[in-house]
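Please walk through this structure with me, beginning with the annotated sites and ending at the contact between the chains.

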Amino acid sequence: MSSTVAGLVQVGVLLVVLAAVYKPLGDYMARVFTDRGHLAVERVIYRLGRVDAESQQRWPVYAAGVLGFSFVSVVLLYLVQRLQPFLPFDFGRGAVGSGIAFNTAISFVTNTNWQSYVPEVVMGHSVQMLGLTVQNFVSAGAGLAVAIALVRGFTRSRTDWLGNFWVDLTRGIVRILLPMSFVFAIVLIALGVVQSLRSGVDVTNPDGSASTIALAPAASQEAIKELGTNGGGIFSANSAHPFENPNGWTNLVEIFLIMVIPVCLTRTFGTLVGNRRQGYALLSAMGVLWTGMLAVIWWAEAHPNGPAALLAGSAMEGKETRFGIPGSALFADATTGTSTGAVNSMHDSYTGLGGGGTMLNMLFGEMTPGGVGTGLYSILVTAIIAVFLAGLMVGRTPEYLGKKLGRREVTAAAVAILSMPTLVLLGAGIAIMLPGTPGYLANSGSHGWSEVLYAYTSASNNNGSAFAGITVTSPWFQSSLGICMLLGRLIPILAVLCLAGSLAAQKKVPATAGTLPTHGPLFSSLLTGTVVLVAALTFIPALALGPIAEALA
Amino acid sequence: MTTTERPAAEQRRHHVERTGRPGAGVFNPRQLLVSFPDALRKLGPRHQLRNPVMFVVWAGSVLSTVLAIGDPDVFTILVTGWLWCTVLFANLAEAVAEGRGKAQAETLRRTRKETTARRLRADGTEEHVPGAELRAGDRVVVEAGQVIPGDGEVVEGIATVDESAITGESAPVIRESGGDFSSVTGGTTVLSDRIVVRITTKPGESFVDRMIALVEGARRQKTPNEIALTILLATLTIIFLLAVVALQPVARYAGSVQPVIVLTALLVCLIPTTIGALLSAIGIAGMDRLVRRNVLATSGRAVEAAGDVSTLLLDKTGTITFGNRRATELIPVDGTAMATLREAARLASIADTTPEGRSVLDLCGGPVEVAEPHEFVPFTARSRMSGVDIGDRHLRKGAASAFAATEESRRVVDEIAAGGGTPLVVAENERVLGVIRLSDVVKPAMKERFAELRAMGIRTVMITGDNPLTAKAIAEESGVDDYLAEARPEDKMALIRREQEGGRLVAMTGDGTNDAPALAQSDVGVAMNSGTMAAKEAGNMVDLDSDPTKLIEIVEIGKQLLITRGALTTFSVANDLAKYFAILPAMFAGIFPQLDKLNVMGLHSPASAITSAVVFNALVIVGLIPLALRGVRYRPATATALLRRNLLVYGVGGVVTPFAGIWLIDLVVRLIPGM
């Protein structure tokens, strides 16, 4: 079987498995957030947290919950890293430096998992498990809660109440993320992923020299790393490391985990709004873009244009031979199309077009299919912009799912849409102007610019993958990327919750033959077009001088 | 509910007009020239600040003027000139739209001649005061040949009034105190008799004044949807501003610092100038289209709401059916010959001057006089019949209950009533000859019209005072979706509330004082000009022709306005793709020769490429002014069909057009020396 056929089989298997779990998982998640009862363990959590689980929150309170929770999480995670010497399993790695600790705290709380450190040297198992893994769960849970609050904006009418953030957060973690992670951690162990509390094993190399191979509780972290679209590896090489991702099977399982919740959330959405076809419309827009970008990246990597790669026949630099081009392209598409950012190959070594493809995937705004929760609310915000324009063209003031899109709704959607390009363009623009910057870049010319652009794109979109060629440990990069991660996460969340509040307050307009249908192929293509057009118009100048110039060279 | 008077001439005019779709308002290129001075006047910064998109263009123009003065070369001067043209063309669009309104306002203003009012003092004596000094509550006397000095209500007397100054309709109308025909409009002329009018509005706020202000666009406020769209356009502008600003540091890193004039040109080409320039013209033109149909809206918001209407309440009489019931069938009973019945019905109706009586004569045919000596018997409330005595032949026609019915006649009478008609019995010497069926005649093509509305997602509800049986029959015949029978004002109100409760927007027409609460409650309330002042105050539109069918046109005008806005925005944004292809290679092919592959249009040189894009960007505004004023073509259809068509025309068209346009302009620009 040729590598291409094997790749196509992998894509086929992935799609079949996703299709098989689409209905049950999507509907299960819908039930989780509409269930009136509470599990015993949840009751305990509510009692400990003094949460009245029956109470409802207005959008500002819900937003204050998300913000407050994130703030406390950042502080705690920072402290855990700084206090590492006092924790067990620290292996004498010492307190994490303040710059790294600040950047990492924000990075994991915002579900970005950008890593400006080498894990197996800097972080002990306690920091990994108590700090980083905890955030892997709760940051994904928070994103899920915000998405559900927005969906409630559509389903509820004439109310201020959006649900209860603490209940939504708890349920997402207890009923969805924890059980699935548990099962898949065991699956990954069975497939050969390492799970160990030892710091490492000492080995004698064939040449007689001695070295230490780091070990870690990788499987348990790997499951939530992918499932929560986090992406922060327990080893520096991330999913390219054989202990995190030893073979083709684990590779496929990890890709599945990356995709499964964002994909199935479209079903949850359709079920909650009482019209499954609404969910299919979002899914098909996501699917078209995801498949399209996969084709671009795959093709680009199989048809490299550099002299060395031409000699080798394919662009294998920075890729693991056990995954090959298809396994790497598939992983790269999945990890950048969601806000995961885990990598099984080095995107910096991709061809101009392939690397540009992974970047464009993020510049779409992380909605193909996006992160856990964040993907759903991002594509809904884009849908609102698409409906606003198209709605006018059918001769009515625009409405989406029975809710009018007026001044407040458009303003909120505009703020959510604006924040990411602002952060990317300003951040990267300022960074490239700084006199010291070229010194931190592995490459000059257009590829150097690509490295800077990729870093700010990854941070502002809460993706976390890196074009490894850039050294980001300088104070400017640590702090500016930290701010990009924080604002790139919180501004859209605030805007989305404000949007949810104003939608929930409206009454529902019944659909008639004169209403713009927001399901079916026509709307789906419109939505796809809007995603592409917004990203293209915003970033074509920046991309032209980086990846496009490289690709055409 | 009252029936509106509609002279035959007016009905004819409407029949012709109704066949045309909203659109009309032919654009004359000369208007561009006429409005040019106004466009120049709008170049000040204060005017530009109202529109964020055009303000950015204005600021860019100022900046490049400074640059052009500092370093004048052909390219800089050319680009600067065309940037100013962009601003100017936007002003021109607005000025042309306003100019068309002004022309209409001028005709209206002529009606507002200086009048002298004969004001009544408290003691009943008269004093002569200028019309402008009248206050609400003043009572004035108006006699034949005099102009009514202000809007008001007739409190005493009855008169015929020529309202052609307002409605353009020459047939005089009757205005009398009390009832639903009491309101009069300032500027109209009393033709006969004497009336006392109580003034209801202050000078400067009369109907004509409001109309003038509206058509001139003087008191134009942005509508909710316009505001939301402006926010979206501002967002796009910020995005492009960022994209262009961030370009310079990268360009510097790449070793090719860009001239500010080039970045300014790129920015102006990218931001949605087309829709930014035409947005206010579209709004003014939408209002203008209503006024051209003799409908006066109190706000632009009402016009937008009209596009959203999903339930139309239509009065049966005058809207769905012709104003009066007509005789449609003669049914002889108990062996009477048809000829005998026809003759008897004709004779019995000759003295009946009601429209129903005329319709019996129309149906029976034959002479409308009685040859032999005769005596007419008029209708009385007690006898409930009328007719004629010719010798000893006593011919009568009247309500069924006034006659001793035979078994067959009772059966026929019941059958007609069950079918929604009104039976009239004809008898000779108290022997029943037969029954006349009077029925409502549904206007032609109503069924098709309602089907169209249904396709547009609009539910029609017929409102009638008839009993449910009659109402049902007419509803079925006309194809209306639902009906409200034996409707009292409070039923109508309850119906509107119920529809609104379900999130639907309701439109209705009304003319009586008892319609006022429902008019106020409905989202689009169109008052008939012939109606009472209370009705006119309560509604948010007034139809000067008092034609209830116009409600349907109003909805179409509202939709057309919104579609025009959406279509031009889509076109504007879709244009950007080609502009990138023109400008980016021009900017960077110097350092990255491979980017020249993006120059798919084969533009002559970097300077000519950028200039051509700027020129296209400016010219497309002028090119689209007629479309903005006329509105895009609107055909009633489902939302899906409309979206597919408009996306194809304005979305795909918007991507393709600039490629051709910029290429063509470049063919000319490259001939300029120094390009």
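In this predicted model, two residues carry the label "binding site" in an unreviewed UniProt entry: B:D511 and B:D515. B:D511 lies in the loop that runs between β20 (506–510) and α21 (516–521) of chain B. B:D515 is placed in the loop between β20 and α21 of chain B. Are these residues buried or exposed? B:D511 has a relative accessible area of 4%, so it counts as buried, because the cut-off for that word is under 20%. B:D515 has a relative accessible area of 3% and is therefore buried. The side chain of B:D515 also has a partner: a polar contact of 3.2 Å joins it to the side chain of B:K492.

The unreviewed UniProt entry also lists an "active site", and the residue given for it is B:D315. This residue belongs to strand β11 of chain B, which covers residues 311–315. The relative accessibility of B:D315 is 10%, so this residue counts as buried.

The remaining topic is the interface of the two chains. On one side, 58 residues of chain A are in contact, and on the other, 60 residues of chain B. Between them the chains bury about 5,100 Å², and 76% of this area is on carbon and sulfur atoms. Of the area that chain A buries against chain B, 15% comes from A:M393, A:L537 and A:L545, more than from any other three residues.

Which polar links cross the interface of chain A and chain B? The rule finds 2 salt bridges there. One salt bridge is formed by B:D308 with A:K404, and their closest N and O atoms are 3.1 Å apart.

At least two residues each are supplied by α14 (374–392), α15 (407–433), α17 (445–460) and α19 (520–552). The element that gives the most to this side is α19(A), with 14 residues. By residue type, the side of chain A that touches chain B divides into 36 nonpolar, 15 polar and 7 charged residues.

Definitions and conventions:
Residues numbered from 1 in each chain as written. Chains lettered and ligands numbered in written order. Predicted model: local features only at pLDDT ≥ 70, side-chain atom pairs only at ≥ 80, totals over all residues. Heavy atoms only, no water. Contact = heavy atoms within 4.5 Å. Buried area = accessible area lost by both parts, 1.4 Å probe. Salt bridge = Lys/Arg side-chain N within 4 Å of Asp/Glu carboxyl O. Helix = DSSP H or I, 4+ residues; strand = E, 2+ residues; numbered from the N terminus. Nonpolar A, V, L, I, M, F, W, Y, C, P; charged D, E, K, R; others polar. UniProt positions renumbered as here; feature names shortened; annotations may be inferred. Buried < 20%, exposed > 50% of the residue type's maximum accessible area, 1.4 Å probe, protein only. Polar contact = N/O pair within 3.5 Å; in protein donor to acceptor, adjacent residues only side chain to side chain.
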